[in-house]
Amino acid sequence: MLFEPLATASLQLANRIVMAPMTRSRAVEANTPNALMAEYYAQRASAGLIVTEGVSPSPNGLGYARIPGLFNDTQVRGWKAVTDAVHARGGKIFVQLMHTGRVTHAANLPAGAEVLGPTADACPGEMHTDAQGMQPHSAPRAMSAADIDHAVGEYAKSAQLAIEAGFDGVELHAANGYLIEQFLNANVNQRTDAYGGSIEGRNRFALEVARATVAAIGAHRVGIRLSPHGVFNSTGAFADVQAQYLALTQALSELGLQYLHLLDHSAMGAPPVPAELKSQLRAAFRGLFILAGGFDRASAASALEAGQADLVAFARPFLANPDLVERLRADAALNAVDMATFYTPGPKGYTDYPALAA
């Protein structure tokens, strides 16, 4: 099934292989996509679906050095070159909207932007800045109700710009400890207002963003990524985590989203997402279901054959293998990843990985 096409009423994919979103930090010109990025994504257009690296819908969400944005006309033009290049090779591409929230250092933000989060608690740990090297995360300002409304609007506006830029849809990044998950996660979200304190409260921001994005561009163009039991950026499991994510998934299904992208970090040392929860979420969501996390050719095929997912996402194998689909089809050896170049500027370790010999 891995190489079979998949079609919904609004989306036709050449195969069941998804290129997972991976931060690459190549947007050096004012957080604007460039020709190098267009080449990178076009090289990987044989994926059934590409989901881009995390792209901020707001100047306030550009927490890492050199990550791209999608909130102004210049960025739209840059992304249009990317989508044109992917579509010219027959690919489909969704943009992942990622607001970093408190996972930020102020040195990485443009002038006038600020660090925001559900509370004023800084994210533990450090991050890279080009200007100052490794630095502790900056302390955020706790978001007011007006800040929350503004952020919801930024997601919706960015989704509209994504369609202008030629994307086939958007994926809301509600995983890995970024802004949406900062509201979802009880270890981070200590609010006592309507956006915290209960399953309903913690789910509220994610659902408001999803509703606004659906209203802006249509549910058939919207997916979401979740990582229950993930531990990145000081998240981690909490009481009622499974009940909360089941309630969230049921509500997202009612909105008619195109897909739910479930990430299991256990291949990288985090606790696994329990098989029971995966099955419950799969049953609760009526749209396409994508599984991600440490898959290879055999395990991906097995998951599809068992009905555990409609599509399977690959991350690092796509980073080092622009022709991953062809390599998987031929059961050929994969290029090894060069971890030293994951986040460095320029083509090395980005567009220079070799394809199979013709």
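At what angle do helix α5 and helix α6 pack, and how far apart are their axes? Before answering, I note that this is a predicted model.

**Entry 1: α5 and α6**

I looked up α5, residues 199-217, against α6, residues 241-255. Their packing angle is about 25 degrees, and the axes lie 10 Å apart. Angles under 35 degrees count as roughly parallel, so α5 is roughly parallel to α6. I also checked the handedness: α5 passes α6 in a right-handed crossing.

Next I listed who does the touching. On the α5 side I found Ile-199, Arg-202, Asn-203, Ala-206, Leu-207, Ala-210, Arg-211 and Val-214. On the α6 side the list is Ala-243, Gln-244, Ala-247, Leu-248, Ala-251, Leu-252 and Leu-255. Sorted by class, this contact of α5 with α6 has eleven nonpolar residues, two polar ones and two charged ones.

**Entry 2: Gln-244, picked from that list**

Is Gln-244 buried or exposed? Gln-244 sits in helix α6, and its relative accessibility comes out at 0%. Buried means under 20%, so Gln-244 counts as buried. Setting aside neighbours within four places in sequence, I see Gln-244 in contact with Leu-184, Ile-199, Arg-202, Asn-203 and Phe-238. Ile-199, Arg-202 and Asn-203 are already in my notes, as part of the α5 side of the helix contact.

**Entry 3: α6 again, now with α7**

How close do the axes of α6 and α7 come? I get within 9 Å, with a crossing of roughly 20 degrees; α7 covers residues 275-284. That angle makes α6 and α7 roughly parallel to each other. Their crossing is right-handed.

From α6, the residues in this contact are Gln-242, Tyr-245, Leu-246, Thr-249, Gln-250 and Ser-253. They meet Leu-277, Gln-280, Leu-281 and Ala-284 of α7. I sorted these by class too: the contact of α6 with α7 has five nonpolar and five polar residues, and no charged ones.

**Entry 4: Val-152 in α3**

I moved on to helix α3, residues 145-164, where Val-152 has its place. Val-152 has a relative accessible area of 9%, so I put it down as buried. What does Val-152 touch, not counting residues up to four places away in sequence? I wrote down Phe-205, Glu-208, Val-209 and Ala-212. I also looked up a distance from here: Val-152 and Ser-56 are 96 residues apart along the chain, and their C-alpha atoms are separated by 13 Å.

**Entry 5: His-99**

His-99 is in the loop between β5 (93-97) and β6 (116-117). With a relative accessible area of 2%, His-99 is buried. I went through its contacts, skipping residues up to four places away in sequence, and got Pro-57, Ser-58, Asn-60, Gly-61, Tyr-155, Tyr-178 and Leu-179. A polar atom of the His-99 side chain also lies 3.0 Å from the backbone nitrogen of Gly-101.

Most residues other than glycine have a negative phi.

His-229 has a positive phi of about 75 degrees and is not a glycine. I find His-229 in the loop between β11 (222-226) and α6. At 12% relative accessibility, His-229 counts as buried.

Asp-331 also has a positive phi, near 55 degrees, and it too is a residue other than glycine. Asp-331 is in the segment after α10 (324-330). Is Asp-331 buried or exposed? I read 56% relative accessibility for Asp-331, so it counts as exposed.

**Entry 6: Arg-329 in α10**

Staying with helix α10, I looked up Arg-329, which is found there. Its relative accessible area is 49%, so Arg-329 is partly exposed. Leaving out residues up to four places away in sequence, Arg-329 touches Phe-3 and Arg-297. How far is Arg-329 from Thr-213, C-alpha to C-alpha? I get 36 Å, for a pair 116 residues apart along the chain.

Gly-78 is buried, at a relative accessible area of 11%. Between Gly-78 and Ala-38 I count 40 residues in sequence and 8.5 Å in space, C-alpha to C-alpha.

Conventions:
Residues numbered from 1 in each chain as written. Predicted model: local features only at pLDDT ≥ 70, side-chain atom pairs only at ≥ 80, totals over all residues. Heavy atoms only, no water. Axes fitted to C-alpha atoms, helices over the stretch in contact; angles between N-to-C directions. Helix = DSSP H or I, 4+ residues; strand = E, 2+ residues; numbered from the N terminus. Parallel < 35°, antiparallel > 145°, perpendicular 65-115°, else oblique. Left-handed = near helix turned anticlockwise from the far one by under 90°. Contact = heavy atoms within 4.5 Å. Nonpolar A, V, L, I, M, F, W, Y, C, P; charged D, E, K, R; others polar. Buried < 20%, exposed > 50% of the residue type's maximum accessible area, 1.4 Å probe, protein only. Polar contact = N/O pair within 3.5 Å; in protein donor to acceptor, adjacent residues only side chain to side chain.
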